[in-house]
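Please look through the structure shown here, and then read the briefing below, which is arranged by topic.

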Amino acid sequence: MNICQFCGQPATIHLTDIVNKKKHESHLCEECARERELIPEGSGSQLNLDALVQMIVGQPTSPASDDLPLNTTCPACGMKYGKFRSEGRFGCAQEYESFRTALLPLLERVHRAQTHRGKIPRRAGSQMELRRLQDDLRAAIEQERFEDAARLRDTIRRKEGSDEPR
Amino acid sequence: MNLDNMLTHLGEWLRGTGPDSDAVISTRIRLARNFADYPFTTRASNSQKSEIETRAREAMAQPSLTPALEYLSVANLPTLDRQFLVERQLISRELSSVLDGPRGVAFDERESVSVMVNEEDHLRVQVIRSGMALDEAWQQIDALDDAIESRVNYAFHEQFGYLTACPTNVGTGMRASVMLHLPALGITKQIEKVFKALQKINLVVRGLYGEGSRASGDLYQISNQVTLGKSEDQILTEIREVIVMILQYERQARQVLLKERKQAEHDRVARAIGTLGNATMITSEETMELLSAVRLGIHLQLIEEVPFTALNEMFIQSQSAHLQKLTGKTLEPEDRNAERAKFLRNRLRDIGGLR
């Protein structure tokens with residue numbers, strides 16, 4: 001699903017235009033399209049060409065304060081943030097970190113949430129648990145609770161043993 | 001796998017026997033999943049896609065997996081076969097004709113499970129059930145997801161959950177949709193009102209063939225929009241509550257039709273059968289609309305001559321790729337309409353739908 005480049009809601013209006021031999025794609029939701037007067041009020045479905053051209057040529061219009069510079073590059077796959085802004089798709093999983101500052105408000109708009117509350121895969125789940133145990137172990141050692149530390153160390157060893165990838 | 005053998009069977013989604021099948025065609029749940037060690041499909045090279053395909057096939061070839069899935073490479077498939085799989089709801093239009101490179105789909109004999117490989121996400125796991133069956137579908141897909149995950153590392157983030165190419169799917173990666181047949185709400189002009197209410201609570205309405213497709217034949221897919229911040233259980237509960245309400249409205253509207261304009265409704269259904277049985281050219285669009293009237297007629301017991309399975313067979317087999325496979329000919333769009341009319345005419349004669 002494409003998302004509106006202005007507000008992050010699902011886009012229902014998709015525009016492709018060629019300016020100076022360069023293809024521009026825009027995705028908007030109806031509300032933002034109306035706001036920018038791309039669709040006239042009331043009936044009739046004629047697009048407002050002037051507003052359209054202005055939007056495409058003038059792109060990107062003043063980015064929000066939490067937005068990233070468009071040339072921010074993902075160190076893992078080399079994709080630029082600008083490409084994500086125009087296409088709405090990440091290039092790799094690391095971009096959830098690389099573009100995090102811009103992602104958080106986007107998630108808030110789309111999902112009204114920023115944190116997963118559902119299923120946890122077994123492998124990642126056990127890795128998460130392991131990390132938590134290691135944190136606990138560190139804390140136990142710092143606070144000189146050596147009995148707890150020994151118990152935690154044994155639990156971690158046991159878990160590491162059973163979680164070896166096949 | 002011989003696709004032609006599937007031609008005369010009804011897939012799971014059109015079996016027509018599930019719970020609430022008077023107005024619910026099918027329930028579908030899909031999970032978007034990605035492998036941890038590769039870029040997302042749009043940014044993967046063909047050799048990476050090919051590795052993803054191999055790993056996905058290995059993960060799905062476990063003997064303990066039930067039902068057993070057979071893998072079909074879509075990249076090497078003729079256009080007609082790809083269109084055929086789209087019509088049967090086993091693959092998306094994107095996988096069929098928009099994307100390129102190594103990609104495919106694994107599915108079972110009953111067509112109740114399908115796993116697309118190298119769609120927008122590396123895996124799009126899907127379970128379909130006839131009728132209203134969100135719980136059963138979830139239990140099955142949850143188990144299937146676990147089985148696949150036992151062989152691969154999914155891209156998963158402590159805060160964001162399952163990572164997907166599009167941030168609208170992140171979190172659970174789950175889209176649950178219920179396909180409804182709502183002719184009476186359409187006739188009584190209440191359908192717009194229902195949809196406006198749905199948008200307010202973040203549910204999405206789509207046509208028969210998913211995103212961007214027009215609603216035709218009074219068929220609507222209702223699905224969740226939000227995938228982050230709620231558990232799967234919570235999302236399913238919210239959809240279930242809404243569907244139960246819509247079903248109630250649809251059934252009430254049907255009773256009103258029966259009470260206030262039974263004769264007119266009977267006439268509409270009879271005319272639909274008349275057109276289906278006598279037209280010499282007919283588009284798939286018109287076929288959908290007429291079959292919708294017949295479907296309602298069967299449920300309102302206005303007609304008895306058309307059995308339910310025959311209706312669903314006409315519904316799927318009159319679509320372009322099915323039609324071309326049945327006749328064994330490649331047909332230009334205009335010839336398709338003539339061939340479709342002939343097929344429907346013959347079918348209705350065979351089942352004695354025409355008196």
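**Surroundings of L14(B)**

L14(B) touches N312(B), F315(B) and I316(B), leaving aside residues up to four places away in sequence, where contact requires that the C-beta atoms of two residues, placed from the backbone, lie within 7 Å. This is a predicted model, in which local features need pLDDT of at least 70 and side-chain atom pairs count only at pLDDT 80 or more, while totals for chains, interfaces and linings use all residues. Residues are numbered from 1 along each chain as its sequence is written, and chains are lettered from A in the order in which they are written.

**Position of L14(B)**

- L14(B) belongs to the segment before β1 (24-33) of chain B, strands being DSSP runs of E with at least two residues and helices runs of H or I with at least four, numbered from the N terminus.
- L14(B) is buried because 20 other C-beta atoms lie within 10 Å, the cut-off being 20 or more such atoms, placed from the backbone, within 10 Å of the residue's own.
- Although 12 residues separate L14(B) and S26(B) in sequence, their C-alpha atoms are 7.3 Å apart in space.

**Nonpolar core**

- The largest nonpolar core has 115 residues, and V105(B), V115(B), L180(B) and V294(B) have the most contacts inside it; such a core is a set of buried Ala, Val, Leu, Ile, Met, Phe, Trp, Tyr and Cys residues joined through C-beta atoms within 7 Å.
- Helix α7 (residues 232-278) of chain B gives the most to this core, with 10 residues.

**Contact between the chains**

- In chain B, 33 residues are in contact with 29 residues of chain A.
- On the side of chain B that touches chain A, α4 (134-149) and β6 (156-157) of chain B each supply at least two residues.

How values were computed:
Buried ≥ 20, exposed ≤ 12 C-beta atoms within 10 Å, placed from the backbone.
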